[in-house]
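Colleague: I am new to this structure and would like to go through it with you step by step. Could you take my questions in turn and show how each answer is reached?

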Amino acid sequence: MGTTTRRSARKAKGDGHLRRAEILEAAERIFVAEGYEGATIRKIADEVGVSSTALYMHFPDKGAILLEICERTLRELLQNNRDIAAKPLDPVVRVRMMLDAYMRWGFEHPNAYQLVYSTPRPVSAQPWPEGTADLSRQCYEIFSGVVREIAASGRLRTGGADSAAQALWTACHGLVALMTARPGFGWAPREELMQVSLEGLLHGLVID
């Protein structure tokens, strides 16, 4: 796939410290346009408007860039889950909000999503650092904690808290993974498909 990104003008020497966030934002645009394997350090540097040498001062390779994007976006998801879990709302409403946010996060960050939640990982990506893996676990634990509230109130039609949480998560994962991996399939409109999936899952599992 050809890149659709707009390249920045080359930054003059001595323009000041290149912010890591600028590299990460440019890299994510390149990853989305080119795919992880099609992206290169040179393309990312061109998008930012610096030399490859300047970019290497901040990141040793594109695998390190993608891992930092994953950590940054996972922190967003984790904070969102914490915010939703703390709301004074029915736990079913909170679970729905979390699943909706999870799917939107996956669609907004497809390369980070692939690395965090799909296999195989990009062949040239680095192994998980423990801190990044822990962020993913925390996201799930907050979500499953709200599902446990539903189970504790006796509102699950079938299964227990663990199986219900895992069934909900894997179903939403499947939607994101398939739509991302098979963009040429004749999918229904994404918003409609997300909402139909959530309605079907929650009505099937939860007693009103």
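Colleague: Leaving aside neighbours within four places in sequence, which residues is R94 in contact with?
Modeller: In this predicted model, R94 is found in helix α5. Once the neighbours within four places in sequence are left aside, the residues in contact with R94 are I84, A85, K87, L89, V146 and E149.

Colleague: Is R94 buried or exposed?
Modeller: The cut-off for a buried residue is a relative accessible area under 20%. R94 has a relative accessible area of 6%, and therefore R94 counts as buried.

Colleague: How many helices and how many strands does the secondary structure of the chain come to?
Modeller: Read along the sequence, the chain follows the pattern α-α-α-α-α-α-α-α-α. The secondary structure therefore comes to 9 helices and 0 strands.

Colleague: What percentage of the residues in the chain is buried?
Modeller: The chain has 208 residues, and the share is taken over that number. Buried residues come to 42%.

Colleague: Which element gives the largest share of the largest nonpolar core?
Modeller: This core has 58 residues, of which F31, I65, V95, M103 and Y117 touch the most other members. The elements that give two or more residues to it are α1, α2, α4, α5, α6, α7, α8 and α9. The largest share, 10 residues, comes from α4.

Colleague: Which residues does M194 touch, not counting those up to four places away in sequence?
Modeller: M194 lies in helix α9, and with a relative accessible area of 0% it is buried. Its C-alpha atom is 9.2 Å from that of V176, a residue 18 places apart from M194 in sequence. Not counting residues up to four places away, M194 touches D100, M103, R104, F107 and L175.

Colleague: The charged end of R190 sits over the ring of which residue?
Modeller: The charged end of R190 lies 4.2 Å from the centre of the ring in question. That ring belongs to F107.

Colleague: Over which ring does the charged end of R20 sit?
Modeller: For R20, the distance from the charged end to the ring centre is 4.2 Å. The ring is that of F59.

Colleague: Which residues do ring pairs link into a cluster?
Modeller: The structure holds 5 aromatic pairs. Ring pairs link into a cluster the residues Y102, W105 and Y113.

Colleague: What do the end C-alpha atoms of residues 40-59 have as their distance apart?
Modeller: An unreviewed UniProt entry annotates residues 40-59 as "DNA-binding region". In the model this span is 65% helix and 0% strand. Its end C-alpha atoms lie apart by 13 Å.

Colleague: Which residues does S52 touch, not counting residues up to four places away in sequence?
Modeller: The place of S52 is in helix α3, which covers residues 52-56. S52 is buried, because its relative accessible area is 16%. Not counting residues up to four places away, S52 touches I41, R42 and A45.

Colleague: What separates the C-alpha atoms of G35 and N111?
Modeller: G35 lies in the loop between α1 and α2, and at 23% relative accessible area it is partly exposed. Leaving aside neighbours within four places in sequence, G35 is in contact with I30 and N111. G35 and N111 are 76 residues apart along the chain, while their C-alpha atoms are separated by 7.4 Å.

Colleague: What separates the C-alpha atoms of A167 and L201?
Modeller: A167 is found in helix α8 and counts as partly exposed at 35% relative accessibility. Along the chain, A167 and L201 are 34 residues apart. The separation of their C-alpha atoms is 8.7 Å.

Note on methods:
Residues numbered from 1 in each chain as written. Predicted model: local features only at pLDDT ≥ 70, side-chain atom pairs only at ≥ 80, totals over all residues. Heavy atoms only, no water. Helix = DSSP H or I, 4+ residues; strand = E, 2+ residues; numbered from the N terminus. Buried < 20%, exposed > 50% of the residue type's maximum accessible area, 1.4 Å probe, protein only. Contact = heavy atoms within 4.5 Å. UniProt positions renumbered as here; feature names shortened; annotations may be inferred. Phe/Tyr/Trp six-rings, centres within 6.5 Å; stacked < 30°, edge-to-face > 60°. Lys NZ or Arg CZ within 6 Å of the ring centre and 35° of its normal. Core = buried A, V, L, I, M, F, W, Y, C linked by side-chain atoms within 4.5 Å.
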